[in-house]
Amino acid sequence: MTDHAQLPLPFEAPDAIPSVAIAADWKDQPRGWGHPFHPICTWLGAMPPAMAHALIERFSRPGDVVLDPFSGRGTVPLQACLRRRIGVGVDRNPLAALLTGAVVEPPSRRDAQARLARLRIDWTHEAARRREEADALAAGSDTAAALFHPRTLAEILFLRASLDRHDRVDRFLLAALVGILHGARPSFLTDAMPNAFSLAPGYSAGWLGARGEARPRRDAFALLERRVDRLYRSGIPVGRGIAIDGDARTAAADV
């Protein structure tokens, strides 16, 4: 039997894998550094945009493909697009794929605003039915529904049913909507969670009950429009990317 450990190597093996020093200046950047699309939605464990920028600048050139096989909310592929690379993000989490697609292939501001205006018109025809649906959910055992004011919940149900995540414009609006579902400020649709990221419904309901406060009435359309305006305050990336909803091991087949 051949001892593969004794086979000669075509190169001189190093005693240790060399390390590549990365400048730490990205740590000195303010928390809100980067394009407004980066914080489109809270994501636990998200890479700081400044760190993604430092790595992309060091290890790639304009025109290169930058791949993130676990893209999360799309920090790396978005920053690649901003730096004139082709950002590609892959993730099996449907929400992650939605968020990545929204930021690497966003619609124009005009298209997003036109779609919002159309949704407001369509809402006038759906309001009564969606309010009945919201009241039934709030009166039932759906804990998540109980976290929202019934009228706010009705608007959320309408938007969820109307927006198609496979449509470029609708996908962006869905991503923006998810980003304002809950938080501590009046710019969110409910304050029933102590953090911007989702917690277990039972915990959130208990937290809200302990406060003894009524759920605030928030206008989903107005807050979504405000959120979209803020997201577009720096324009859109100069480049476009690719978002793949699937397994990185078979990503080529999912394109």
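Trainee: Why is Cys-81 called buried?

Mentor: Its relative accessibility is 0%. Buried means under 20%. Cys-81 falls under that cut-off, so it counts as buried. Keep in mind that this is a predicted model.

Trainee: How do you know whether Cys-41 is buried or exposed?

Mentor: Apply the cut-off again. Cys-41 has 7% relative accessibility. The limit is 20%, so Cys-41 counts as buried.

Trainee: How many disulfides are there?

Mentor: The count is 0. A disulfide needs a pair of cysteine sulfur atoms within 2.5 Å. By that rule, the model has 0 disulfides.

Trainee: What makes up the secondary structure of the protein?

Mentor: There are 9 helices and 3 strands. Along the sequence, the pattern is α-β-α-β-α-α-α-α-α-α-β-α.

Trainee: How are the strands arranged in the sheet?

Mentor: The sheet is open, with 3 strands in the order β1-β2-β3 and parallel pairing. The twist averages 15° from one strand to the next.

Trainee: Why do β1 and β3 stand at the edges?

Mentor: Count partners. β1 (65–68) and β3 (242–245) each have a single partner strand, so one side of each has no neighbour in the sheet.

Trainee: What makes β1 and β2 a pair?

Mentor: Pairing takes at least two bridges. β1 and β2 (residues 86–91) have 4 bridges, in the parallel sense. Leu-67 has Val-88 of β2 as its bridge partner. For Asp-68, the bridge partner in β2 is Gly-89.

Trainee: Why is β2 described as largely enclosed?

Mentor: Of its 6 residues, 5 are buried, so β2 is largely enclosed by the rest of the structure.

Trainee: Which helices pack against these strands?

Mentor: Helix α2 (residues 75–82) packs on the sheet and touches β1 and β2. The direction of α2 makes about 170° with that of β2. Helix α3 lies across β2 and β3. It runs at about 165° to β3.

Trainee: How is the packing of two helices described?

Mentor: By the angle between their axes and the distance between the axes. Take α3 (residues 94–104) and α6 (residues 168–178). Their axes come within 8 Å and cross at roughly 115°. The crossing is left-handed.

Trainee: Which residues make the contact between α3 and α6?

Mentor: From α3, they are Leu-95, Leu-98, Leu-99, Gly-101 and Ala-102. From α6, they are Arg-171, Phe-172, Leu-174, Ala-175 and Val-178. By class, the contact has 8 nonpolar, 1 polar and 1 charged residues. Gly counts as polar and Arg as charged.

Trainee: Why is Pro-49 called buried?

Mentor: Its relative accessible area is 11%. That is under 20%, so Pro-49 is buried. Pro-49 lies in helix α1 (residues 49–59).

Trainee: What does Pro-49 touch, leaving out residues up to four places away in sequence?

Mentor: Pro-49 touches Trp-33, His-38, Thr-75 and Gln-79. The C-alpha atoms of Pro-49 and Val-76 are separated by 7.4 Å. Along the chain, those two residues are 27 apart.

Trainee: What share of the protein is buried?

Mentor: Buried residues make up 39% of the 255 residues.

Trainee: And what share of contacts with a separation of 6 or more joins residues 24 or more positions apart?

Mentor: That share is 69%.

Note on methods
Residues are numbered from 1 along each chain as its sequence is written. This is a predicted model: local features need pLDDT of at least 70, side-chain atom pairs count only at pLDDT 80 or more; totals for chains, interfaces and linings use all residues. Side-chain values use heavy atoms; hydrogens and water are left out. Axes are lines fitted to C-alpha atoms, for helices over the stretch in contact, and angles run from 0 to 180 degrees between N-to-C directions. Helices (H or I, at least four residues) and strands (E, at least two) are DSSP runs, numbered from the N terminus. A crossing is left-handed if the near helix is turned anticlockwise from the far one by less than a right angle, and right-handed if clockwise. Contact means heavy atoms within 4.5 Å. Buried means under 20% relative accessible area, exposed over 50%, partly exposed in between (1.4 Å probe, protein chains only).
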